Amino acid sequence: MSSLLVRCWQQRDDAVLKNILYAQIDEDPAWPPRYAHLLNLGEWLGGPADLGRWVAIHGGEVVGHIGLGTINGAVAERFSCATGYEPRRFAELCRTVVDPRKRGLGVAGALSRKAIKEALTRQRIPVATVLTGRGTWLEMMMNTGWQKIGDIEVKISNERLALLLAPQKSVSYT
């Protein structure tokens, strides 16, 4: 059994990541959100990740992706109100995708740990947002210690966006 490696994203990874997104859409048409289906999925995947992007490698193949990005607007304000920290202190784990054929290998966990570590290195508070229609993903995050602080309306979807703080075991908020 080959081990799991997480490395920085490279432009050449986009072709494989697009295929992973199409496989994801075949399995769960609700994610990525419908509006993204009309866009360049490679650009959509990296769009908000202005603080970094990583891919997971298993058996020499890219099997997952995560980004880390700054947040603003209503999302940043809600996190700020919930914690007392300025909006610029947050970094969002974003656009996580795992090849549906490679689930159960710990890919999402390994990618999340890498992004959380990078957020902390940058002295930022790691947060995440999850569309409420992604019940299984939201449940998995809650089961691993993420704390829901609320949700907000999403203009481009008929769902709400759950706002999550990283597990306290990973982060000190003081």
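Biologist: How many helices and strands does the chain have?
Modeller: The secondary structure comes to 6 helices and 7 strands. Helices (H or I, at least four residues) and strands (E, at least two) are DSSP runs, numbered from the N terminus. This is a predicted model, where local features need pLDDT of at least 70 and side-chain atom pairs count only at pLDDT 80 or more, while totals for chains, interfaces and linings use all residues. Residues are numbered from 1 along each chain as its sequence is written, and side-chain values use heavy atoms, with hydrogens and water left out.

Biologist: What pattern does the chain follow along the sequence?
Modeller: The pattern reads β-α-α-α-β-β-α-β-α-β-α-β-β.

Biologist: And what is the order of the strands in the sheet?
Modeller: The order is 1-2-3-4-5-7-6, in an open sheet of 7 strands with mixed pairing. Two strands pair if DSSP finds at least two bridges between them.

Biologist: Which strands stand at the edges?
Modeller: Strand 1 (4–8) and strand 6 (147–153) do. Each has a single partner strand, so one side of each is left without a neighbour in the sheet. From one strand to the next, the twist averages 30°.

Biologist: Which helix packs on the sheet and touches strand 2, strand 3 and strand 4?
Modeller: That is helix 1 (residues 14–27), whose direction makes about 90° with that of strand 3. Contact means heavy atoms within 4.5 Å. For the angles, axes are lines fitted to C-alpha atoms, for helices over the stretch in contact, and values run from 0 to 180 degrees between N-to-C directions.

Biologist: What about helix 5, where does it lie?
Modeller: Helix 5 (residues 107–121) lies across strand 1, strand 2, strand 3, strand 4 and strand 5. It runs at about 35° to strand 3.

Biologist: Back to the pairing. Do strand 5 and strand 7 run parallel or antiparallel?
Modeller: Strand 5 (residues 125–131) and strand 7 (residues 160–165) run antiparallel, joined by 5 bridges. Thr 129 stands opposite Leu 163 in strand 7, and Val 130 has Ala 162 as its bridge partner there.

Biologist: How many bridges are there between strand 6 and strand 7?
Modeller: There are 6, and this pairing is antiparallel. Gly 150 has Leu 163 of strand 7 as its bridge partner.

Biologist: Strand 4 and strand 5, parallel or antiparallel?
Modeller: Those two are parallel, over 4 bridges. Phe 90 is bridged to Ile 125 in strand 5.

Biologist: How many residues of strand 5 are buried?
Modeller: 6 of its 7 residues are buried, so strand 5 is largely enclosed by the rest of the structure. Strand 7 is mostly covered too, with 5 of its 6 residues buried. Buried means under 20% relative accessible area, exposed over 50%, and partly exposed in between (1.4 Å probe, protein chains only).

Biologist: What share of the chain is buried?
Modeller: Buried residues make up 48% of the 174 residues.

Biologist: Changing topic, where is Asp 99?
Modeller: Asp 99 is in the loop between strand 4 and helix 5. Its relative accessibility is 6%, so Asp 99 counts as buried.

Biologist: Which residues does Asp 99 touch?
Modeller: Leaving aside residues up to four places away in sequence, Asp 99 touches Ile 20 and Val 63. Its side chain also has a polar contact of 2.9 Å with the side chain of Arg 101. A polar contact is a pair of N or O atoms within 3.5 Å; within protein, one must be able to donate a hydrogen and the other to accept it, and residues adjacent in sequence count only if both atoms are side-chain atoms.

Biologist: What is phi of Gln 123?
Modeller: Phi of Gln 123 is near 60°, a positive value in a residue other than glycine. Most residues other than glycine have a negative phi. Gln 123 is in the loop between helix 5 and strand 5, and it is exposed, with a relative accessible area of 62%.

Biologist: Last one: is Trp 54 buried or exposed?
Modeller: Trp 54 counts as buried, at 4% relative accessibility. This residue is found in strand 2. Trp 54 and Gly 67 are 13 residues apart in sequence and 6.4 Å apart in space, C-alpha to C-alpha.
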